[in-house]
Each structure stands twice: as structure tokens, then as C-alpha cells.
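Let's take a friendly walk through a protein model, one topic at a time. Have a look at the picture first, then read on.

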Amino acid sequence: VDGMDIVAVKEATAWAVEYAKSNGPLVMEMETYRYHGHSMSDPDTTYRSRDDIKKMRTTFDPILSLRSRMIQAGFATDDELKGLEKEIRAAVKADAEEAMKAPPTPENLLTKYIYTEHSHELISQICLVADMRL
């Protein structure tokens, strides 16, 4: 599946859900492009040029592609989408500022809503972190 095409991913995922309900699990492969290296030690410009990265970003960016398709289909105008983007950026900025004011999450709550059961390995790691803070 072209992982850079939001509509293709949605359609393939919807098909996979229906397939899995009747036939069991399956593996989906999404072909995507990384804009950054694998890690801080991977500058990624050793195996591709900055121009290649820029070309992929401007030509195949999933968000820009979907935006263009929405305008072409008449779902929204360029000005409407710009206004929406401005509203979203303002909301995210306000929410981020509010979150930064919040006190740190207590350590005993860090995994509360992530795991249904704590494995022995996770309990050991939690204890290790707690010991390190003492």
C-alpha cells in the first residue's frame, strides 16, 4: 500500500479490518519515505541528498497531497484550509502551553493506562527507575 497516500491507506485498512473479521489476522505493508535518519547517529545525507529529501517532501508529502485532492474535489477552498490550519495551530499552541504548566505525572501513573497487566520485566524497570530517583 502506498503509505504516502492517506486515502489508499484508509481504504486498504478498511478492507483489512473486514478481511480479518472473517479470516483472521493479516500483515499490511505500507511503503513510506522517511524525511529524517533512523536516529541521531544517522545523518541520512550519506545515502541521499538534501535535494532528494526536498523533492519527496514537496512532491509526495501525504498532507499536502490530501490537501490538494480536497481542493480539486471541491471539499474545501485553499482559503478555507488556510483558515483551518491557522485555527488548529493556535489550538495546539494553547494546549501545549497549558500542558507545560501542569505538574509532572506521578511515576506510579506513567503506565496506568498503557498496560492491562504489568510483566515482571516492566515491574523491574519501574522499580529500577524508582530506586534511581531515591
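## A charge over a ring

Let's start with a definition: a charge sits over a ring if NZ of Lys or CZ of Arg is within 6 Å of the ring centre and within 35 degrees of the ring normal. Arg57 lies over the face of Tyr35, at 4.0 Å from the ring centre.

Tyr33 itself belongs to the loop between H1 and helix H2 (50–60). Its relative accessibility is 21%, so Tyr33 counts as partly exposed, given that buried means under 20%.

How confident is the prediction in the protein chain, going by its mean pLDDT? The mean is 88, and 96% of the residues reach 70 or more. Confidence is highest in helix H4 (residues 78–101), at a mean of 97, and lowest in helix H5 (residues 120–133), at 75. Keep this in mind while you look around: where pLDDT is low, the predicted coordinates should not be read in detail.

## Rings in pairs

Next up, the aromatic rings. A pair of aromatic rings is described by the distance of the centres and the angle of the planes. The count here comes to 2 aromatic pairs. In one of them, Trp15 and Tyr19, the ring centres are 5.1 Å apart and the planes are at 25 degrees, so this pair is stacked; the cut-off for stacked is under 30 degrees.

Where do Trp15 and Tyr19 sit? Both are in helix H1 (residues 6–23), 4 residues apart, which is about one turn of the helix. Trp15 is exposed, because its relative accessible area is 52% and exposed means over 50%. Tyr19 has a relative accessible area of 33%, so Tyr19 is partly exposed.

## The largest pocket

The largest pocket has a volume of about 320 Å³. Which elements give two or more residues to its lining? They are helix H3 (62–73) and H4.

Among the lining residues are Ile6, Ile63, Leu64, Met70, Leu84 and Ile88. Glu85, Arg67 and Arg89 line the largest pocket too. Sorted by class, the lining has 8 nonpolar residues, 3 charged ones and no polar ones.

Is Lys86 buried or exposed? At 66% relative accessibility, Lys86 counts as exposed. From Lys86 to Ile71 is 17 Å, C-alpha to C-alpha, and the two are 15 residues apart in sequence.

Finally, look for Ile114 in the loop between H4 and H5. Ile114 is exposed, with a relative accessible area of 58%. Ile114 and Glu31 are 28 Å apart in space, C-alpha to C-alpha, and 83 residues apart in sequence.

Conventions: Residues are numbered from 1 along each chain as its sequence is written. This is a predicted model: local features need pLDDT of at least 70, side-chain atom pairs count only at pLDDT 80 or more; totals for chains, interfaces and linings use all residues. Side-chain values use heavy atoms; hydrogens and water are left out. pLDDT is the predictor's confidence in each residue, from 0 to 100. Rings of Phe, Tyr and Trp (its six-membered ring) pair if their centres lie within 6.5 Å; planes under 30 degrees apart count as stacked, over 60 as edge-to-face and the rest as tilted. Buried means under 20% relative accessible area, exposed over 50%, partly exposed in between (1.4 Å probe, protein chains only). On a 1 Å grid over the protein atoms alone, a cavity is a set of points where a 1.4 Å probe fits but cannot get out, and a pocket is an open set with protein on both sides within 12 Å along at least five of seven lines; lining residues have an atom within 4 Å of a point. Grid points are joined across faces, edges and corners, and a volume is the space filled by probe spheres set on the points. Ala, Val, Leu, Ile, Met, Phe, Trp, Tyr, Cys and Pro count as nonpolar, Asp, Glu, Lys and Arg as charged, and the others, Gly among them, as polar.
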